Amino acid sequence: MLHSVLPVRSKGLWSEALNKFAGLPPTQPGSSSPASPSAGPAGARELTPRRMHDSYCEILLPFASSPELLENYTNASGGIRTGLLMEHLDSLAGSIAYKHMLGPDVQALPQNAGFYVVTASVERLDMLASLYPVRDMRLSGQVVHTGNSSMEIAVRMEGLAKDGSEQTIMLGRFCMVARDARTHRSTPVNPLVLDTPEDFTLFNLGEVHKNRRLTRAGRSLSPSALHSLYLKYGQQEGNNAALDMEPVSMGDTRLEKTMIMFPQERNVHQKIFGGYLMRLAYELGFANSCLFTRDRVSFLSLDGIAFARPVPIGSLLRLTSTVVHSSSSEQYPALVHVWVHADVVNLETGAEQRTNDFRFTWCREYGPPLKRIVIPKTYGESMQWVEGQRALEMGSEIRKLRKRD
């Protein structure tokens, strides 16, 4: 695997990290604890303006020419495991953010940078073309917008054919935030210098995305579709034979998975790597979509991820997935929108603390229209149903725009 990214996953020994936490010396002469960019006191940093291309990073995955590499990414049908590619995209976004902050010539993360970078959210990842046929892949990205302490990072996944042609397979946006290493509060990021018309276009798109989020937050819920759904299907339990669709209570679509968080999946901050959590959520959501549609589905979009707090190593993590909306369209006979929540479980009290929210959309590209429909039963479920409907509408708008291009 060829790449130009900084390592954001820890390569040090976990035993040495434990000794450091306990205040003990290294167990082996000459060994040291894993380097962490959050180590050391915060100091005054010079916020040198950066150009967009200063933060450019890429990862090349030569699947077509390396059967050994392909074997590590192959799914049961012989295709590529999308969840693993998402894990790489999160690593890529972190590397891009650090490169923007530290400069284009940085080769490794310093131990005493005085700051660290965290993923605040993933705005979207949209699948624009199929991963088939298997070919070499390039994952790339750069910072396209900066706020006071935030950076919007645009990422792209491309298929590279043997004849030299390239095809954009996936586009997405990550929001990264810089924190002071000592106070853990927000710290300023380097501003962007805009040189070319393309730079101004990308930067202005970042402003549009921010304003669009605010507009959606204040938009009316438009409950008419939900009301009609409930009148037609919500009071017909046990009488499915008289209906054209099979109503399924949203609560009955719940699927859970509880796991121990092992140190092998940690990042340089000695917390569980966010890309690993993305993959776990993706795979659980995929399984739930297959169970709901009673068929194989294809990934269509990641409609949002919120990272509320880090997941500690050694914790018990409960992942809960729910199908919140289902429909059919002219292009896709089945569309399923799934939410996955991640919660850390307190072993002493049994209380749970929310760490992440994930939203995914899957589709079926062939066969008859989906005959199962999700029915919310509570106010909270109704709000999730409406948000799921919005996500499907936005995804449809984005795909229409790309088709026009």
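This is a predicted model: local features need pLDDT of at least 70, side-chain atom pairs count only at pLDDT 80 or more; totals for chains, interfaces and linings use all residues.

Reader: Which residues lie nearest the centre of the second largest pocket?

Author: Those are S298, F299, L300, C363 and E365, out of 39 residues in the lining. By class, that lining has 18 nonpolar, twelve polar and nine charged residues.

Reader: And which element gives the most to the lining of the second largest pocket?

Author: α7 does, with six residues. Among the other elements that supply at least two residues each are α3, α6, β11, β12 and β14.

Reader: Let's take α3, then. Is it largely enclosed or open?

Author: A residue counts as buried under 20% relative accessible area. In α3, 20 of the 21 residues are buried, so the helix is largely enclosed by the rest of the structure. It runs over residues 82-102 and reaches 30 Å from first C-alpha to last, close to the 30 Å expected. Just after it, G103 takes a positive phi of about 115°.

Reader: Now the packing. Which residues touch the most other members of the largest nonpolar core?

Author: L125, F174 and F360, in a core of 85 residues. The largest share of this core, ten residues, comes from α3. L125 touches M86, L89, F174 and F299, among others. There's also a second, separate core of five residues, including L300, Y332, C363 and L392.

Key: Residues are numbered from 1 along each chain as its sequence is written. Side-chain values use heavy atoms; hydrogens and water are left out. Helices (H or I, at least four residues) and strands (E, at least two) are DSSP runs, numbered from the N terminus. The expected span of a helix is 1.5 Å times one less than its number of residues. Buried means under 20% relative accessible area, exposed over 50%, partly exposed in between (1.4 Å probe, protein chains only). A nonpolar core is a set of buried Ala, Val, Leu, Ile, Met, Phe, Trp, Tyr and Cys residues joined through side-chain atoms within 4.5 Å. Contact means heavy atoms within 4.5 Å. On a 1 Å grid over the protein atoms alone, a cavity is a set of points where a 1.4 Å probe fits but cannot get out, and a pocket is an open set with protein on both sides within 12 Å along at least five of seven lines; lining residues have an atom within 4 Å of a point. Ala, Val, Leu, Ile, Met, Phe, Trp, Tyr, Cys and Pro count as nonpolar, Asp, Glu, Lys and Arg as charged, and the others, Gly among them, as polar. Lists of a residue's contacts leave out its neighbours within four places in sequence.
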